[in-house]
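Here's a quick briefing on the fold you're about to see. Have a look at the model, then walk through the points below.

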Amino acid sequence: MNALLQGKSILVTGAARGIGLAVAEAIIMAGGKVAMADIDGAEVRTQARRLNAISVEMDVSDLGAVKSGVEQAVQALGTINGLVNNAAILDESHAASVAEARFEKVISTNLTSILRVSQCVLSHFPGQGGSIVNTLSTQALFGQANSVAYATAKGGGLNLTRAMAIDLAPVRVNAVAPGFIDTRMAIMADGTHEHTTGWFRDVYIDRRKLPLGRAGTAQDCAGAFLFLLSDLSTYITGQCIAVDGGLTATY
């Protein structure tokens with residue numbers, strides 16, 4: 001175990017699986033304490049017990065649930081030095097047909113929740129500031145077909161990160177934009193794993209649209225979060241790190 005986050009207590013949303021779980025594990029390995037929040041209460045409790053961490057059931061689209069969850073985390077941790085806004089839902093929707101209610105649900109869960117959770121955590125940060133890291137996507141940088149709600153939320157999250165960095169200093173606010181990562185979000189609506197399809201291998205692997213030649217793992221993403229949460233990045237704010245195997249370099 002290294003001491004990169006020794007003495008720091010961090011709240012991670014969407015921590016029951018995928019990138020959020022990998023980040024929680026990495027925080028603990030780096031000497032930090034973590035409160036793992038997720039809408040899936042049973043799974044987050046299971047994972048928290050395994051890691052000897054704090055678990056909090058939280059629906060980030062519900063302000064009351066967020067307030068209650070943050071208070072539980074503070075009571076258990078004593079203070080909060082960092083926040084990872086990772087909770088999100090996947091959506092495959094076309095601009096011509098997406099229902100307004102669905103669009104608003106995705107925006108509330110994937111975008112507004114960043115501000116919602118951050119506002120509830122701010123008063124618990126130490127006086128010298130803290131660090132907020134928002135999980136975005138390479139879709140924050142470029143458009144993608146049949147992803148109008150998800151891409152809009154992630155694109156909004158990029159400018160929200162910048163605006164929060166300006167307004168909230170000395171609290172630092174940054175983002176990580178994962179590319180094709182092997183998590184539950186790689187499972188398409190028809191149940192097919194995106195990374196196993198012929199078109200994915202043809203375009204992204206064989207034709208090297210992914211220069212590193214493979215999809216990423218949740219663990220591949222964790223280091224960027226640790227860097228932005230730690231004192232190694234004390235003069236970095238308002239920035240977004242793409243963890244994408246070189247994908248955005250090929251556009």
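How many salt bridges does a search of the whole structure find? The search turns up six, a salt bridge being a side-chain nitrogen of Lys or Arg within 4 Å of a carboxyl oxygen of Asp or Glu. Keep in mind that this is a predicted model, where local features need pLDDT of at least 70 and side-chain atom pairs count only at pLDDT 80 or more, while totals for chains, interfaces and linings use all residues. Residues are numbered from 1 along each chain as its sequence is written, and side-chain values use heavy atoms, with hydrogens and water left out. Helices (H or I, at least four residues) and strands (E, at least two) are DSSP runs, numbered from the N terminus.

**The sheet**

- Seven strands make an open sheet, ordered β3-β2-β1-β4-β5-β6-β7, with parallel pairing; two strands count as paired if DSSP finds at least two bridges between them.
- At the edges sit β3 (54-57) and β7 (240-243), each pairing on one side only.
- From one strand to the next, the twist averages 20°; angles here run from 0 to 180 degrees between N-to-C directions, and axes are lines fitted to C-alpha atoms, for helices over the stretch in contact.
- Strands β5 (residues 131-135) and β6 (residues 172-178) run parallel and are joined by five bridges.
- Within that pair, I132 stands opposite V173 in β6.
- Helix α7 packs on the sheet and touches β1 (9-13), β4 (82-85), β5, β6 and β7, where touching, like any contact here, means heavy atoms within 4.5 Å.
- The direction of α7 makes about 170° with that of β6.

**α1 against α7**

- The axes of α1 (residues 18-29) and α7 (residues 218-229) come within 8 Å and cross at roughly 55°.
- That angle makes α1 oblique to α7; under 35 degrees counts as roughly parallel, over 145 as roughly antiparallel, 65 to 115 as roughly perpendicular and the rest as oblique.
- On the α1 side the contact uses G18, I19, A22, V23, E25, A26 and I27, and they meet A218, Q219, C221, A222, F225, L226 and L229 of α7.
- Sorted by class, the α1/α7 contact has 11 nonpolar residues, two polar and one charged; Ala, Val, Leu, Ile, Met, Phe, Trp, Tyr, Cys and Pro count as nonpolar, Asp, Glu, Lys and Arg as charged, and the others, Gly among them, as polar.

**α4 and its partners**

- Helices α4 (residues 100-122) and α5 (residues 148-168) have axes that come within 8 Å and cross at roughly 20°.
- That makes α4 roughly parallel to α5.
- The residues in contact include F103, I107 and L111 of α4, along with Y150, L160 and M164 of α5.
- That contact holds 14 nonpolar residues, five polar and no charged ones.
- Helix α3 (residues 63-77) packs with α4 at an angle of about 35°, the axes lying 10 Å apart.
- Here L63, V66, K67 and V70 in α3 meet R116, V117, C120 and V121 in α4, a contact with six nonpolar, no polar and two charged residues.

**Local details**

- The D231–K8 pair links distant parts of the chain, with D231 in the loop between α7 and β7 and K8 in the segment before β1, 223 residues apart.
- The peptide bond from A169 to P170 is cis, with omega near 20°, and P170 lies in the loop between α5 and β6.
- N52 has a positive phi, near 60°, despite being a residue other than glycine; N52 sits in the loop between α2 (41-51) and β3.
- As background, most residues other than glycine have a negative phi, and most peptide bonds are trans.
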